[in-house]
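Subject: Structure for you to look through

Dear colleague,

Please find the structure below, and keep it open while you read the notes that follow.

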Amino acid sequence: MGDPREGAGEVFGMQQGSMGEGRARGVVAAGRALLVALVLAAALPLHGAAQDAPLAGRLGHGPALAVAPPVPAADPAGLSPDPCTDRAYTAGNPTWDRPWAWSFQADSTPDGLDRDATERVLRRAIRNVTGARNDCGRPDRVGAEARYLGRTTVRPGLSREGTCSRADGRNVIGFGRLPPGYAGLTCIWVLGSRIVEADMKLDRSARWATSVAGCTSAQLIEAVVTHEAGHVFGLGHVSEERHGRLTMSIRLDGICQNGESTLGLGDLLGLEVLY
Ligand SMILES: [Zn+2]
């Protein structure tokens with residue numbers, strides 16, 4: 001399709017906590033077509049249950065992992081239904097009309113993380129979404145597609161303040177600075193009803209693990225990136241209190257917890273509606 005800026009008058013950053021909440025701050029009118037950037041957050045294990053972080057950011061928590069307590073098992077059990085019966089989802093209307101062709105900014109990988117292992121986990125996390133990975137026995141009815149293009153030195157288009165940069169036509173996952181309280185952020189750029197670019201930035205200063213076996217007081221890349229990949233393909237958030245066991249709930253299940261790497265029924269229904 002070429003450059004997504006084609007036909008776009010002006011690119012502007014629009015930030016909101018989730019697609020479903022519609023709390024856009026700052027909109028700039030543009031030319032013929034509007035290229036809209038949305039930033040979507042994923043977050044850190046904070047005080048037990050964390051995943052998504054516009055909340056944490058707003059509440060002024062510090063860098064989560066630095067202060068994360070030893071894993072209180074997030075309470076998925078509380079009030080939230082089993083993920084295989086919970087039908088909740090939030091889905092806007094913009095979707096991809098082609099595979100999400102993404103690259104990995106491998107040289108941004110934090111010290112202590114193996115680049116090859118990180119790359120493998122990223123690829124698996126994206127496949128968790130496009131392949132409708134679940135423990136519910138539901139067949140893959142999700143038509144979303146992705147293609148891994150390999151490594152790049154291009155950075156994802158998100159500032160350290162967590163705002164979306166100009167679209168550059170490249171879909172990149174990389175590590176870098178994010179505002180305190182955010183494990184990851186995803187920006188999608190939307191032209192009309194199409195998503196034309198999506199970049200994902202993971203907090204470089206957080207403690208990450210590439211596998212449960214190798215995890216000590218860290219958050220799993222796979223869980224966070226699976227959640228973020230939901231945003232890449234157009235899903236928004238569902239409430240942590242009522243739907244905490246779904247991948248698109250706002251908080252991570254906890255330190256060293258990888259439950260969100262498998263999709264729940266609501267996550268699947270949302271993707272099936274979109275694709
Ligand atoms: Zn999120």
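Two strands pair if DSSP finds at least two bridges between them, and both helices (H or I, at least four residues) and strands (E, at least two) are DSSP runs, numbered from the N terminus. The model is a predicted one, in which local features need pLDDT of at least 70 and side-chain atom pairs count only at pLDDT 80 or more, while totals for chains, interfaces and linings use all residues. Residues are numbered from 1 along each chain as its sequence is written.

The chain as a whole has 6 helices and 9 strands. Of its 275 residues, 52% are buried, where a residue is buried if 20 or more other C-beta atoms lie within 10 Å of its own, exposed if 12 or fewer, and partly exposed in between, with C-beta atoms placed from the backbone. Two residues are in contact if their C-beta atoms, placed in that way, lie within 7 Å, and among contacts with a separation of 6 or more, 69% are between residues 24 or more positions apart.

Strand β5 (residues 171-176) runs parallel to β7 and is joined to it by 4 bridges, with G174 standing opposite K201 of β7. Strand β6 (residues 182-191) runs antiparallel to β7 (residues 194-203), and 8 bridges join the two; among the bridge partners are V190 with I195 and L191 with R194. Between β6 and β7 there are 2 residues, so that the strands form a hairpin, and G192 in the turn has a positive phi of about 60°. Because 9 of its 10 residues are buried, β7 is largely enclosed by the rest of the structure, and in β6 10 of the 10 residues are buried.

Next come the helices. Two packed helices are described by the angle between their axes and the distance between the axes. Axes are lines fitted to C-alpha atoms, for helices over the stretch in contact, and angles run from 0 to 180 degrees between N-to-C directions. Helices α3 and α4 pack at an angle of about 45°, with their axes 8 Å apart, and are therefore oblique to each other, since angles under 35 degrees count as roughly parallel, over 145 as roughly antiparallel, 65 to 115 as roughly perpendicular and the rest as oblique. The residues that meet include V121, L122 and I126 in α3 and I221, V225 and A229 in α4.

Helix α6 (residues 265-274) has 7 of its 10 residues buried, so it is largely enclosed by the rest of the structure. Among those buried residues are L265, L268, L271 and L274, and what covers the buried residues of α6 includes α3 (115-130), α4 (221-232) and α5 (240-243).

Finally, please look at N134, which lies in the loop between α3 and β4 (146-151). With 19 other C-beta atoms within 10 Å, N134 is partly exposed. Leaving aside neighbours within four places in sequence, N134 is in contact with T262, L263 and L268. The C-alpha atoms of N134 and G264 are separated by 6.4 Å, although the two residues are 130 apart along the chain.

With best wishes
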